[in-house]
Structures are given as structure tokens and as C-alpha cells.
Amino acid sequence: MKTTARPGQPPGQSGDRWRQTMARLRQPVGEAVLPFLAARAVVLGALGLAHFVVDRTHPSTAGVAARVHEGLLGWDAGYYETIARVGYHPLGPQGLRFFPTVPALTHALAWLPGIDDGAALLVISNVAAFIATVLLFALARRETGDPALARRAIWFLSLSPAAFVLVMGYAESTLLCLSLGCFLALRPAPPRAAHAAGSATRPNFALAAVLGFAAALTRPIGVLLALVVAVELVRWWIRIGRPQRLAGLVAVGAPFVGLAGFGVWAHHEVGDFWAPLRVQLESRHHGGLSDPFVTLVHDARGVFHRHVGTALHVPWVIVALVLLIVCWRRLPAAYTVFAAAILAVAVAGTNLDSFERYALSAFPLAIAAAVLCRGPRSEQVVLVLLPAVLAGYALLAFLNISVP
């Protein structure tokens with residue numbers, strides 16, 4: 001089919017741009033397929049093993065069998081599926097800790113014939129996970145100019161301990177998509193590389209505003225993208241004109257507008273603007289502000305009281321801090337700011353439950369891990385260990401032992 005050029009555009013230029021776009025996507029898409037499929041094979045294998053354990057042992061502990069049979073729609077995924085199907089009202093204020101983007105997308109997809117809300121939720125989560133894998137490869141390659149490093153980064157993210165939630169009906173994969181898209185909009189390719197690829201050489205603050213707004217409506221930590229936009233706006237301030245500065249200021253505020261929008265809706269529904277955040281701060285969830293050192297010591301002692309799931313968080317906090325230092329030394333400031341802000345939120349509560357899942361959203365840590373494991377031996381060791389760790393964490397979550 002003949003491509004029609006826009007007015008004032010040389011004939012064939014739009015077709016050339018389309019071919020250039022497809023050429024740029026070919027490698028990221030190709031590289032994303034294998035880690036994406038490998039992660040799903042590991043998680044589904046862990047789910048099958050959980051079914052085997054329950055069927056053979058008939059555990060007396062309450063909730064174990066039910067959790068296993070919930071499978072990929074267990075834990076928080078069950079809330080997202082319920083909200084998509086019947087709305088927030090039946091869940092009461094507790095449902096407000098689950099932000100609306102993923103339920104809305106799920107409800108829209110479930111309108112298609114033959115797709116129920118559970119299947120739609122899993123499709124949304126897994127498609128978003130694949131797109132996020134593609135975007136991470138593209139971003140890491142653009143930032144470092146090293147395709148091998150970008151390849152390691154997507155493997156490390158796909159097989160990280162909490163990556164089983166990217167297979168389940170959780171919102172993390174959607175948040176990753178929006179966060180990575182925001183970074184790609186804000187971190188253009190170097191001028192020479194951008195000219196060769198036909199891409200922009202300045203940040204797209206308008207696109208970053210849209211993605212930041214959507215991220216804040218996906219998970220509350222999405223609002224932290226405002227810090228990334230602010231860092232990049234300061235970096236570019238002198239080199240851009242007044243319209244772009246205004247767009248940048250709008251992009252800084254957009255995540256807060258998204259968060260406030262959900263708060264206004266919550267006030268209309270339950271009479272409390274802060275309800276979506278207040279519920280998160282309850283002790284049975286993330287908890288209020290606490291001294292992270294006290295929390296670390298308390299959770300480390302869990303190993304002596306058979307609270308294995310709690311104690312397992314402690315070594316990963318240490319690993320995350322090491323990777324954060326690598327971010328600070330080897331990556332641009334925006335990456336360190338974003339990762340540090342997410343980790344600060346993750347350790348600021350009264351417990352470390354779901355720490356690994358919070359850290360998963362701090363995708364710069366995956367790039368930092370790829371920087372750290374440059375040697376073939378270290379890369380091979382990590383890629384052998386990670387699937388086993390992912391399978392173990394998924395199994396603990398499916399057996400109701402560890403909170404994902």
C-alpha cells in the first residue's frame with residue numbers, strides 16, 4: 001500500500017520513518033522474547049509444584065490450599081480482579097489502596113466476548129511486562145551504548161526474586177511500562193546517535209507528563225516520577241525555550257495531579273481525600289513511618305522465630321543498597337534519584353513486607369546489576385542462581401508463606 005506523505009513532507013519520508021521505527025524496535029523485541037518466556041516457565045513451574053505439594057500433603061494451615069488454587073489471581077491480584085468486575089464499593093475503604101489504572105484497563109478488555117475479568121487482568125499484566133522488557137532494553141542500550149549490558153539488564157529484571165508478580169495480575173508491570181516510557185521520553189539519544197536513528201534530541205516533556213499522570217494512577221509510588229522530571233528539567237533548563245520549560249513544569253506536576261484526582265474521587269466515595277494513602281499506612285499493610293534500622297533488626301530476628309518470609313527481606317535490602325551505590329557512581333542522576341526514592345518508601349514502613357516487589361519498580365537497579373556483572377563468569381553465575389531464587393519466592397508466595 002502506498003504511503004501518503006503529510007503536506008509539506010517529501011514523498012516517501014513518512015514511509016522511511018516507519019521503516020526506521022521498525023528497525024529500531026527489531027532488536028529490543030527480539031531480545032525480550034526469551035527472558036519473558038523463561039520467567040513465565042519458572043513461575044508456572046513453581047505454581048505447578050505448589051499444587052503438587054498441597055495435593056500430596058493436605059496442609060492444615062488455614063488459607064494455604066485456597067491460596068494455591070487462586071494461582072496467578074492470588075494475593076493483590078484478586079483485589080484488582082474484583083474491582084474490575086464489581087467496582088470499589090463492595091470492598092469498602094480497604095479497596096482504595098489499589099489504584100484504578102489496571103482495573104479500568106481490565107474492565108475495558110473484559111468487554112470483549114469470551115474474556116472474563118480474571119483472564120483480562122492476566123493479559124494486561126503480561127502484555128505490559130513484555131512491553132516493559134522491550135523498553136528496558138531500549139533504554140539501557142541508549143544510555144550505555146552497550147547491547148550486551150542491555151541484554152543482561154532485561155534478564156536480571158525478568159528473573160529477579162519478585163518478578164513472579166509480573167506474571168500474576170498485579171499492577172507492577174503496568175507501572176514499569178509507564179516509568180520506562182517516561183525515562184525514554186526524558187532521556188533522548190545523544191545528538192549523533194539520534195540523528196542517525198531519526199529520533200529526537202531533546203526531552204519530550206509533554207509525553208512525560210501523560211505517562212507520569214498515568215503512573216500515579218497505577219501505583220502510589222508512580223508519583224515519584226515527578227522527581228525524575230524535575231532532575232531532567234533542571235539539566236535542560238538553559239538549553240530549552242520557554243514553551244518547553246512550561247511543558248516541563250507541567251510534567252513535574254502531572255503525577256501529583258493524578259494522585260490528587262484519585263484522592264478527590266475517594267473523598268466523593270468515602271468522605272476522605274487521603275483514604276488511598278491512609279489505608280496503605282495501616283500496620284497490617286505497609287505501616288506508618290518507622291526507623292528503617294529498627295525494622296531491619298526486627299525482621300532479621302524473624303529467622304529465630306520461624307518467620308522465614310520476614311527474614312528473607314533483609315539480605316535483599318543490602319543487595320539493593322549496593323546496587324543503588326552502583327547507580328550513583330555509574331548512571332545519570334535521574335536513575336539514582338528514582339531508585340533511591342522507591343527504596344526509601346520501601347524501607348520507611350513498620351515492616352519490610354513486599355520489599356522485593358517495591359524494589360522491582362526501581363528498574364535502575366537492574367541496569368546497575370548489569371553494570372556490576374560485566375564479566376562472563378559473574379553473569380553466568382547470576383543467571384544460574386536467579387531462576388532458582390525466582391522459583392523459590394514464587395513457591396513461598398503461592399503456599400501463603402511469604403507476602404509478595
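S179 is buried, at 1% relative accessible area. Buried here means under 20% relative accessible area; exposed is over 50%, and partly exposed is in between, with a 1.4 Å probe and protein chains only.

A word on the source. This is a predicted model, where local features need pLDDT of at least 70 and side-chain atom pairs count only at pLDDT 80 or more, while totals for chains, interfaces and linings use all residues. Residues are numbered from 1 along each chain as its sequence is written, and side-chain values use heavy atoms, with hydrogens and water left out.

Back to S179. It sits in helix 7. Helices are DSSP runs of H or I, at least four residues, numbered from the N terminus. Leaving out residues up to four places away in sequence, S179 touches L225, F338 and F363. Contact means heavy atoms within 4.5 Å.

Now the core. The largest nonpolar core has 114 residues. Such a core is a set of buried Ala, Val, Leu, Ile, Met, Phe, Trp, Tyr and Cys residues joined through side-chain atoms within 4.5 Å. F164, F183, F355, F363, L365, I367 and F398 have the most contacts inside it. Which helix gives the most to this core? Helix 7, residues 172-186, with 10 residues. F164 touches V43, L390, Y393, A394, A397 and P404, again not counting residues up to four places away in sequence.

Next, helix 3, residues 76-86. Its buried residues are D76, A77, Y80, E81, T82, I83 and A84. They pack against helix 4 (101-109), helix 5 (117-144) and helix 17 (355-361). Just after helix 3, G87 takes a positive phi of about 90 degrees.

Two residues other than glycine also have positive phi. H58 has phi near 50 degrees. H58 lies in the loop between helix 1 and helix 2 (64-70). Is H58 buried or exposed? Exposed, because its relative accessibility is 62%. S354 has a phi of about 70 degrees. S354 is in the loop between helix 16 (333-347) and helix 17. S354 counts as buried because its relative accessible area is 7%.

Cysteines. C182 is buried, at 0% relative accessibility. C327 is buried too, also at 0%. How many disulfides does the structure hold? The count is 0, with a disulfide taken as a pair of cysteine sulfur atoms within 2.5 Å.

Last, L25. This residue is in helix 1, residues 13-57. L25 is partly exposed, because its relative accessibility is 38%.
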